[in-house]
Amino acid sequence: MSTDTKYDVVVLGGGPGGYTAAFRAADLGLSVCLVEQANRLGGVCLNVGCIPSKTLLHGAAVIEEAEEAAEFGITFGAPQVDIDAFRTHKEGVIEKLTGGLDQLAKARKVTRVVGKGAFKDTTTLTVEGDEGSSEISFTNCIIATGSHPFMIPGLPEDERIWDSSDALALKFVPKRFLIIGGGIIGMEMAQIYSALGSEITIVEMLDHIIPPADKDLVQPLFQKLKKKYTILTKTKVTEIVANDSGIQASFEGAKAPEGGEYDAVLVAVGRRPNTEKFGRENIGLELNDKGFIPVSEMQKTAIPNIYAIGDVVGEPMLAHKATHEGKVASEVIAGHKSAFDPMTIPSVAYTHPEIAWMGLTEKEAKAQKIDYNKGKFPWGASGRALSSGAATGVTKVLFDKETGRILGAGICGQNAGELIHEAVLALEMGADAEDISKTVHAHPTLSETFAFAAEIVDGSITDALPSKK
């Protein structure tokens, strides 16, 4: 089958970046075709990533909070978890959101094509679908093909060796669960399966879990989790062998055991961009030395009418980065003056407690030899945190010594992923410590801890002792 229609914009990939680009282009009056190989829109994020993981994490948090309520003199019986019902609820959330996207696409008159798209040339896309092959002509194309989990080469083929999608499928709850990689995905999956009854072992090559964040920011979480999990930092997995009784793993590290046997293994060592199998070579689109598609601030590739967004154009591989890039690409195509030039992109680990950070971390500031003032407020001194059973946490803010402006911030604690955005706005608006400390924050709130950290720097703190000059 073929089509005679020529679209102003064809978007290749229907994840958060892709569908956002398509919807924005349609709103700007362009004719749009959205090509996605799966039947459902939403990509990894909605189907096998952000949304299902947060749904399962909420269930895990409820179990943990019920246990922790004993500190308030409130006790519950042991939870009875119906795994099938839990899985069905997760699928229901996904279906509701993806169904909503279908309605939004239809209302905007975005043409949907299901199949694998590949460039025939710089104005034609060939799509292989269940009903055969079709050709789609376009004036502009936005590549939004996303990424996939990286699997360690040489692992045996075994249904007990999982990537993140397998883990989110809730196939079964392993009694002994090995997680290779102590980053955000690994730590979130650990929380889910620990709450469901798994004994967790985490192996991380670097010296602390969630390596992109500062070590002191992660410390409150680590102190809590080391009592529940076996966490092996500065450790490598040297061999994986699948036996009938379990998966045998061998380790290498100063404090690591020689090995152990596990009922399932999750490989969570990062993701790789989907830069192949869409005819890139047919249009002469080259990758940079890191394996990403180079783009300008307007999301333009080296080919004038081809744009790229999301995971394929570089780190951080985050849905919220992709959506903003998608809007920029569509706005540029529509003739608007638009560019992707954020001062920061926040990151969040939805652990319990959460960890969120934005701007420069301390280790980045030190590496760049930037002098800074630091305000660090412990949540143990927060009335709201203590009254909520959320005293495990800390808020940290960095300010440039020369200009006084905020450089970065990190929060470990309940709802840190929600709280971090005040810091993001402060950075975008060029706020200094006095701007933040003199902005009235409601009491008692967790948001106050951000103001208190700023007050430590400007010298007006009363909820803690002022720092010595």
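Trainee: Which residues touch the most other members of the largest nonpolar core?
Mentor: That core has 34 residues. A nonpolar core is a set of buried Ala, Val, Leu, Ile, Met, Phe, Trp, Tyr and Cys residues joined through side-chain atoms within 4.5 Å. Buried means under 20% relative accessible area, exposed over 50%, partly exposed in between (1.4 Å probe, protein chains only). Touching the most other members are Phe177, Tyr193, Ile200, Ile210, Tyr229, Leu266 and Ile355.

The model is predicted: local features need pLDDT of at least 70, side-chain atom pairs count only at pLDDT 80 or more, and totals for chains, interfaces and linings use all residues. Residues are numbered from 1 along each chain as its sequence is written, and side-chain values use heavy atoms, with hydrogens and water left out.

Trainee: Is Trp357 buried or exposed?
Mentor: Trp357 is in contact (heavy atoms within 4.5 Å) with residues including Ile184, Ile210 and Ile420, leaving aside neighbours within four places in sequence. Its relative accessible area is 9%, so Trp357 is buried.

Trainee: What is the handedness of the disulfide of Cys45 and Cys50?
Mentor: A disulfide is a pair of cysteine sulfur atoms within 2.5 Å. Cys45 and Cys50 are joined, S to S 2.4 Å. The torsion about their S-S bond is about -130°, so the disulfide is left-handed.

Trainee: How far from Cys33 is the nearest cysteine sulfur?
Mentor: Cys33 is buried, at 0% relative accessibility. Cys33 is in no disulfide. The nearest cysteine sulfur belongs to Cys141, and the distance is 9.5 Å.
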